[in-house]
Amino acid sequence: WGRGLPERHSLSRSASWRIAASHYRDGDSYARGFGPDAYCPSKSSKRIRCDLRGQSLNQPSIFELSSYFFNPHAIPYFIAGLVVFLEGIFVYLQNRKSSLQFAFSLIGLTTALWLTGVGIFYSSVYEEIALVWTRRYCFLGVIFIAPCVHLFSACWRKTLFKQWFFIALNFLCGVIFYYFSVATDLFIRGMWHYPWGFYTQSAILNPISQVWFFSHMTFGLLN
């Protein structure tokens, strides 16, 4: 119990055992709500869900309510994501024909994906579930925030037709980054285990995406 976890994890092995044992039911359940400690050790990079006897259970699903728990640390992310999303919808409805309003609503949408994605993987019991939401949902929002900000800035200055090729290239780069995030471990290699929940482990290509992200945010501010 607790083997293979980073030193920053707050629970000791004995504490993890006591927590898991307190949630033991009929010999075949697991420590619900304590996903970082509900895995048996494995030599591979992936962990499998196990019961207290070390026997593997069925793989968790993102559609199972038992794969999530109430995490108060996730509430601010859900609230902020909802507010940003509704703000983008409100601005877009003011003038549906305006490219400026449309670009602003895209910023709201991508930011909402990022924030609510953090809330979801904070609330995930299992690392596999948190990793799926991080790679396929949360990173989708993160990677497209900068291109949307650049698009909005070009619409603001009314230089969209002058910068359309550069903006389209940025969105294409975002699609490529997202593909490698979903299909490989080059951007996200796993999840850290913290007392407040899971968080992303950056991989070797993540710094490249960060440089790309902040450079386009800078271009947006310059516009």
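Met191 touches Phe121, Glu127, Ala130, Leu131, Thr134, Phe198, Tyr199, Thr200 and Gln201, leaving aside residues up to four places away in sequence. A contact here means heavy atoms within 4.5 Å. The model is predicted, so local features need pLDDT of at least 70 and side-chain atom pairs count only at pLDDT 80 or more, while totals for chains, interfaces and linings use all residues. Residues are numbered from 1 along each chain as its sequence is written, and side-chain values use heavy atoms, with hydrogens and water left out.

Met191 also belongs to the largest nonpolar core. That core has 28 residues, and Phe121, Ile143, Leu151 and Met191 touch the most other members. A nonpolar core is a set of buried Ala, Val, Leu, Ile, Met, Phe, Trp, Tyr and Cys residues joined through side-chain atoms within 4.5 Å. Buried means under 20% relative accessible area, exposed means over 50%, and partly exposed lies in between (1.4 Å probe, protein chains only). Helices α3 (99–122), α4, α5 and α6 (206–222) and strand β3 (188–194) each supply at least two residues of this core. The largest share, 13 residues, comes from α4. Apart from this core lies another, of 5 residues, among them Ile120, Val125, Tyr126 and Trp133. In soluble globular proteins, nonpolar side chains tend to be buried together.

Now the overall layout. The protein has 6 helices and 4 strands. Both are DSSP runs numbered from the N terminus: helices are H or I with at least four residues, strands are E with at least two. From the N terminus on, the order is α-β-β-α-α-α-α-β-β-α. Of the 223 residues, 43% count as buried. Among contacts with a separation of 6 or more, 65% join residues 24 or more positions apart.

How do the helices pack? The axes of α3 and α4 come within 7 Å and cross at roughly 155°. Axes are lines fitted to C-alpha atoms, for helices over the stretch in contact, and angles run from 0 to 180 degrees between N-to-C directions. Angles under 35 degrees count as roughly parallel, over 145 as roughly antiparallel, 65 to 115 as roughly perpendicular and the rest as oblique. α3 and α4 are therefore roughly antiparallel. Their crossing is left-handed. That label applies if the near helix is turned anticlockwise from the far one by less than a right angle; clockwise would be right-handed.

The axes of α4 and α6 come within 8 Å and cross at roughly 15°. This makes α4 roughly parallel to α6. Their crossing is left-handed too. On the α4 side, the residues in contact are Val142, Ile143, Ile145, Ala146, Pro147, Val149, His150, Ser153 and Arg157. They meet Ser209, Trp212, Phe213, His216, Met217, Phe219, Gly220 and Leu222 in α6.

Next, the aromatic rings. A pair of aromatic rings is described by the distance of the centres and the angle of the planes. Rings of Phe, Tyr and Trp (its six-membered ring) pair if their centres lie within 6.5 Å; planes under 30 degrees apart count as stacked, over 60 as edge-to-face and the rest as tilted. By this rule the count comes to 17 aromatic pairs. One of them joins Phe144 and Phe171: the centres are 6.1 Å apart and the planes stand at 25°, so the pair is stacked. This pair links distant parts of the chain, with Phe144 in α4 (residues 127–157) and Phe171 in α5 (residues 164–183), 27 residues apart. Phe144 is buried at 13% relative accessible area, whereas Phe171 is partly exposed at 23%. Tyr194 and Trp196 also form a stacked pair, 4.7 Å centre to centre with 5° between the planes. Tyr194 is buried at 14%, and Trp196 is partly exposed at 35%. Tyr77, Phe121, Tyr122 and Tyr199 form one aromatic cluster.

Ala112 is found in helix α3. Is Ala112 buried or exposed? Ala112 is buried, with a relative accessible area of 8%. Ala112 touches Gly81, Val84, Phe85 and Gly117, again not counting residues up to four places away in sequence. Leu86 is 26 residues from Ala112 in sequence and 9.2 Å away in space, C-alpha to C-alpha.

Lys158 sits in the loop between α4 and α5. At 77% relative accessibility, Lys158 counts as exposed. Its phi is near 60°, a positive value in a residue other than glycine. Most residues other than glycine have a negative phi.
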